[in-house]
Amino acid sequence: MKTILILALTAMTTAVSAQHIQPTVSVTGEGKVIAVPDEVTIRMGVQNEGKDPKAVKTENDAAVDKVLDYLLKMGIPQNQVQTEYVNLNKNYDYNTKTYSYNASQTISVELKDLTKYDKLMSGLVSSGINSINGVSFSSSKMEEYEAEARKKAVLDAKEKAEAYAAVLGQNIGKALLIAEQGSSSPQPQPMFKMAVAESMDMDGGRTTIAPGEITVTSSIQVSFELLD
């Protein structure tokens, strides 16, 4: 008798729960904002080679000091200049049976004003930089662009849900779930990875940088009530 009563109560509970299941429609919205970069990070280095490790390191340090002094004169704040790595390598030449040493230091500089790029690069090369490893672009308004992309993603999700429901002759209600799937801002591909030998006619007034565009994207999943 108890078993029959338990089964009856279970069936009633299941039936009541089924009646309260809210039909939903879940979609993923995509938002995209295209922006023009107004900042650039330059990665560059100083390298020297010789037979005496101490002399090579001293020469390299002196060149780096000149570079840092130049950046200071250009008004670049210290918090926008960072040493990324310092190396001193010992190399063996099997042909001459001798050792040589290579000292190098890589520096990254954040430039907040792209109009200063050509003048800055010309001065850096003159002050001792002998390798430029690449550039990456960004925007000072990135948070603003990301917020705009998220809003567009939510609106896109709503439009998709409305379109799906309309095909079924139904409507959507309030949002029951909002989950951000992620956002990204892929870097535009650098136009060059140049050697100093190709250091351009910087003094000739020629523009030597092409910032391109940054695409900021957001992906958001939204579940809406599905109404008759």
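Is tyrosine 99 buried, partly exposed or exposed, and what is its relative accessible area? Tyrosine 99 is partly exposed, at a relative accessible area of 44%. This value, like the others here, comes from a predicted model.

**The sheet**

Four strands form an open sheet in the order S3-S4-S2-S5, and their pairing is antiparallel. S3 and S5 (131–138) are the edge strands, each pairing on one side only. From one strand to the next, the twist averages 15°. Strand S2 (residues 39–50) and S5 are joined by seven bridges and run antiparallel. Opposite valine 40 stands phenylalanine 137 of S5.

**The helices**

Two helices, H2 and H3, are set out below.

| Helix | Residues | Strands | Angle |
|---|---|---|---|
| H2 | 53–73 | touches S2, S3 and S4 | about 15° to S4 |
| H3 | 117–127 | lies across S2, S4 and S5 | about 10° to S2 |

H2 packs on the sheet.

Strand S3 covers 81–93 and strand S4 covers 98–111; lysine 97 sits in the loop between them. Most residues other than glycine have a negative phi. Lysine 97 is not a glycine, yet its phi is positive, about 60°. Lysine 97 counts as exposed because its relative accessibility is 57%, and the cut-off for exposed is over 50%.

Tyrosine 99 belongs to strand S4. Together with Tyr92 and Tyr94, Tyr99 makes a nonpolar surface patch of about 360 Å². Patch residues need over 30% relative accessible area; tyrosine 99 has 44%.

Notes: Residues are numbered from 1 along each chain as its sequence is written. This is a predicted model: local features need pLDDT of at least 70, side-chain atom pairs count only at pLDDT 80 or more; totals for chains, interfaces and linings use all residues. Side-chain values use heavy atoms; hydrogens and water are left out. Buried means under 20% relative accessible area, exposed over 50%, partly exposed in between (1.4 Å probe, protein chains only). Patches are made of residues with over 30% relative accessible area and no salt bridge: like charges are joined within 9 Å, nonpolar side chains (Val, Leu, Ile, Met, Phe, Trp, Tyr) within 5 Å. Accessible areas come from the Shrake-Rupley method with a 1.4 Å probe; for residues, only the protein chains shown count as cover. A salt bridge is a side-chain nitrogen of Lys or Arg within 4 Å of a carboxyl oxygen of Asp or Glu. Two strands pair if DSSP finds at least two bridges between them. Axes are lines fitted to C-alpha atoms, for helices over the stretch in contact, and angles run from 0 to 180 degrees between N-to-C directions. Contact means heavy atoms within 4.5 Å.
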